[in-house]
Amino acid sequence: MKHRENLLDGMMAFFVCTACITMLEGVVGMLFYPEIKLGFEAFFSPPIFAFFSTLFGVVTRSKRELSVREVLIRRGIHLLLIEGLVFGVNYAFGNIYNPLESGILAVAIAVVFVAVYGVLWLNDLRSAAAFNEKLKVYQSRGL
Amino acid sequence: MKVSIRKIRKKEEEQVIIECVEITSQIRDIHSYCMTKGMELSGLSGGQHMQRFPLEDVYYFEAVDEKVFAYTGKQVYEMKMRLYEAEHAYGENHFVRCSKSVVLNLMLLDSISPALNGRFFAHMKNGEKLMISRQYAQKIKQIVMGEEENET
């Protein structure tokens with residue numbers, strides 16, 4: 001049951017992440033590199049980055065219950081790992097950015113990171129609203 | 001359904017007998033209601049006096065340093081039981097585990113809201129806020145939302 005939940009959470013994060021990275025790559029590409037034309041292999045980039053970003057999310061997991069401070073620290077580590085992944089892969093493929101481009105990329109990654117957690121939180125909010133509605137029914141049956 | 005009340009003399013002999021053809025969800029609700037209403041607990045109040053109080057008044061049980069406390073709207077009682085015993089004994093009375101150290105009363109839960117890391121806050125009707133940890137959130141949803149949640 002617990003593994004199933006983790007798997008579902010991971011898949012949810014993966015798909016949201018893929019969508020956000022696709023949009024980010026589209027926007028950044030159109031703004032800064034409009035002359036570059038990419039092949040079909042470019043379609044693999046978002047899911048690959050999303051896969052590893054989701055995988056790095058393991059640092060936010062813990063068997064014990066974490067405090068809010070611990071959660072925030074672990075999320076900071078998660079973000080740093082993703083930043084390292086993106087810059088590392090780009091460096092490995094010979095893409096060297098100037099400081100301005102690096103700054104824009106780093107901020108864009110952080111925006112996607114926050115957006116992904118934002119979407120997941122909104123999903124929890126929807127789930128909580130549905131629960132609260134059913135809770136009233138449950139309580140009226142029990143009274 | 002016919003309902004009859006017969007007066008007796010001794011309080012200890014009070015009982016509710018349900019006669020039915022089949023145990024339906026409605027019968028289970030009536031059973032659960034009777035169990036909750038009839039039940040009284042006893043606990044140490046202020047560490048000195050043993051007092052009796054209705055189970056339905058308990059918002060939650062909490063384990064702190066090997067001791068278990070029952071929190072009602074007005075008082076805190078130290079219980080002579082373990083937390084898992086409270087969870088099992090009062091499961092039919094709408095009590096459910098929401099974290100490693102807390103068993104809460106679903107009937108006195110006002111609402112939930114999302115917290116960080118897939119956890120939820122439980123807002124009790126007395127204004128207290130408890131944490132629902134990830135591993136217990138799913139079970140609570142299944143109890144309240146029933147089959148619908150199981151299918152999703």
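**Exercise 1.** In this predicted model, determine the strand order of the open three-stranded sheet in chain B and the sense of its pairing.

*Solution.* The order is β8-β9-β10 in chain B, and the pairing is antiparallel. Next, consider the edges: β8 (109–114) and β10 (129–132) of chain B each have a single partner strand, so one side of each is left without a neighbour in the sheet. From one strand to the next, the twist averages 30°.

**Exercise 2.** Describe how β8(B) and β9 (residues 120–124) of chain B pair, and identify the residue of β9(B) opposite Ser111(B).

*Solution.* Five bridges join β8(B) to β9(B) in the antiparallel sense. Within β9(B), His123(B) is the residue that stands opposite Ser111(B).

**Exercise 3.** Characterise the largest nonpolar core and the contacts of Ile132(B).

*Solution.* The core holds 36 residues; Ile132(B) is one of those that touch the most other members, a group including Tyr60(B), Phe61(B) and Leu104(B). Helix α3 (residues 134–145) of chain B contributes the largest share, five residues. Leaving aside residues up to four places away in sequence, the contacts of Ile132(B) include Cys98(B), Ile112(B), Phe120(B), Ala137(B) and Ile140(B). A second, separate core has 10 residues, among them Val16(A), Cys20(A), Ala50(A) and Val116(A).

Technical notes:
Residues are numbered from 1 along each chain as its sequence is written. Chains are lettered from A and ligands numbered from 1 in the order in which they are written. This is a predicted model: local features need pLDDT of at least 70, side-chain atom pairs count only at pLDDT 80 or more; totals for chains, interfaces and linings use all residues. A nonpolar core is a set of buried Ala, Val, Leu, Ile, Met, Phe, Trp, Tyr and Cys residues joined through C-beta atoms within 7 Å. A residue is buried if 20 or more other C-beta atoms lie within 10 Å of its own, exposed if 12 or fewer, and partly exposed in between; C-beta atoms are placed from the backbone. Helices (H or I, at least four residues) and strands (E, at least two) are DSSP runs, numbered from the N terminus. Two residues are in contact if their C-beta atoms, placed from the backbone, lie within 7 Å. Two strands pair if DSSP finds at least two bridges between them. Axes are lines fitted to C-alpha atoms, for helices over the stretch in contact, and angles run from 0 to 180 degrees between N-to-C directions.
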